[in-house]
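Visitor: Please show the sequence and the structure, and then let us discuss them together.

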Amino acid sequence: MSELMLNIAGVNKRFGGLQALTEVGIKIAKGQIVGLIGPNGAGKTTFFNVITGLYQPDTGTFELDGKPYSPSAPHKVAQAGIARTFQNIRLFGEMTALENVMVGRHVRTRQGVFGAIFRHGAARREEAAIRARAQELLDFVGIGQFGNRTARYLSYGDQRRLEIARALATEPRLLALDEPAAGMNATEKLALRELLVKIKDAGITILLIEHDVKLMMGLCDRISVLEYGKLIAEGVPAEIQKNQAVIEAYLGGAY
Amino acid sequence: MALLTFDTAHKPRQSYASMAVLLAAMLVFPFVAAQFGNSWVRIIDMALLYIMLALGLNIVVGFAGLLDLGYIAFFAVGAYLTGLLASPQFAALLESVVNYSPAMGDALVALFGESIRTEGIHLSVWAIVPLAGLVAALFGALLGAPTLKLRGDYLAIVTLGFGEIIRIFMNNLNDPINFTNGPQGINLIDPIRIFGVSLAGEAGSKATVFIGGVGIPSVNAYYFLFLLLCIVTIFMTSRLQHSRLGRAWVAIREDEIAAKAMGINTRNVKLLAFSMGASFGGVAGAMFAAFQGFVSPESFSLTESIAVLAMVVLGGIGHIPGVVMGGVLLAALPEVLRHVVEPAQQALFGKVIIEAEVLRQLLYGLAMVLIMLNRPAGLWPSPIKEDRPVAATDKDEKEEEAVAS
């Protein structure tokens, strides 16, 4: 395995009496697409939320690109270089598509109250750069012509794309996607797959939660499988397909 | 609203023309209104202060989506700050300090000079305005800090409590050290003096201000000052709205978790919204105190907070021209009613059947209900942004219906 982009180990997370995650870890090599699968309620999204700072883990070590990072708050994680999307789309509904992506630039820009009110040269240049970059990203995900539309009036597939563009605007080293293909039809899934490959080719590592096994098998370099908050398998897709524990987890012991 | 548009992004020429027309009308207004009596100009003076308040509150409620029911507290902070630092009140404060602890009193005298014993402190407007803004901003952050994790109803309750706390403090902070003079309020606050010209007019001038030999009524002088401050406020808030910070505020309003995940430090950005909003309230409060010459806790009741919130909501939450219109309507209309209703009844029936104050409350309530029912986004909401062909979708639906039937 080449250099690691993400190296997480020993994550425990308990909600009251429920042990949601037990000693879960994941290693992602630079430039790969890694999938995280598991039956419903296996703890995939919990693990995701821990990685991105939305939940506080009880234990665990976290390393991004060789440097430890602390998932103590979501904005710090975004600053460190992990951007995410949400299982149920969370766009800024009343803002335009372009503005949504411009918000993504927040963490990489710095003008404050003074710059906003006086709009001096540096502030103007920054604002123009934000706008240009946001438009570029909209074009990149293929919805460049919808920049002026209010986000919540976009079609479902385009909203998913917009969320990805917004995440990319934070200049992530790792892009974490929570079920990006949920609710998409076959054509949309194919287009999504192309987009993910394009993002990978742009040098961004991807962590992916997805239910669509066909999509995952063709797309992912490696796959990790969670069940009842424990990691039960890890490997290249072909191995996972044959793994007895995985088959049992999905289909039950009789098979 | 078809004639006037302020959508500078999409119709720049039309909106700058609208602004010019409106500004010209505003500049001429006091001279026309003065023909009908100074009280009309006075009404608009107060309306302008309320517009400043509404614009400040709009940052918190409109942009950042944080429901604040105690906003008038910042108005009170600005007003009382002016009362303390631009009136004889500081002499009373010093007296109580001396009674309490002579050493502390001596220290204050040593710090500010012997004259404060009899005359108090009289800061100039140039110190008062920034100070009022800063102190109110500080109070804004103080209020914001404990409410960071609260949303919606809970936030509203806490801010409401904060507003009441400030008012109760104003009522009771006269003992052992007399800061606010309690329920009696602070009197004899200095009028605003700009470059040596008092906007209240010099003694014996019958409230006429002479600027370069030309005399204008005092209310007109204040009118121009408040108009200027309003324009500055509009300018600042609209610049803030269309900036990196403004986008962060709206992002928090739309989805706080997503905003966090995009790397926005929601704690700092929310505190900034509270502070910025409060600072405009503080400056308006300072102007109010100097304009009235008197402040008392009664002026800062919950009703006032609600009135300012109503201006924002009724005008068009988050939309600056709408908020300004809401401010004009709700601040000026009641006063206009007061001047019109009773004489009209007198003329019609020979006696006053419904008092203006009662009618005002009635109409106020009725208007709010009707507007919320029919125009929930406010009278003048933000223009719809998307280039979605609204008419076309309607047509498609109709066609589908036609096919179905």
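Visitor: How many helices and strands has chain A?
Guide: This is a predicted model, in which local features need pLDDT of at least 70, side-chain atom pairs count only at pLDDT 80 or more, and totals for chains, interfaces and linings use all residues. Residues are numbered from 1 along each chain as its sequence is written, and chains are lettered from A and ligands numbered from 1 in the order in which they are written. Helices (H or I, at least four residues) and strands (E, at least two) are DSSP runs, numbered from the N terminus. Chain A has 10 helices and 10 strands.

Visitor: Which helix of chain B gives the most to the side that touches chain A?
Guide: Two residues are in contact if their C-beta atoms, placed from the backbone, lie within 7 Å. In these terms, 25 residues of chain B are in contact with 32 residues of chain A. Helix 9 (218-241), helix 10 (244-254) and helix 11 (256-261) of chain B each supply at least two residues of that side. The most, seven residues, come from helix 10 of chain B.

Visitor: How are helix 9 and helix 12 of chain B oriented to each other?
Guide: Axes are lines fitted to C-alpha atoms, for helices over the stretch in contact, and angles run from 0 to 180 degrees between N-to-C directions. Helix 9 of chain B and helix 12 (residues 266-292) of chain B pack with their axes 12 Å apart, at an angle of about 180 degrees. Angles under 35 degrees count as roughly parallel, over 145 as roughly antiparallel, 65 to 115 as roughly perpendicular and the rest as oblique. The two helices are therefore roughly antiparallel.

Visitor: Which residues in helix 12 of chain B meet helix 9 of chain B?
Guide: From helix 9 of chain B come Y222(B), F226(B), L229(B), T233(B) and L240(B). Their partners in helix 12 of chain B are M276(B), F280(B), V283(B), M287(B) and F291(B).
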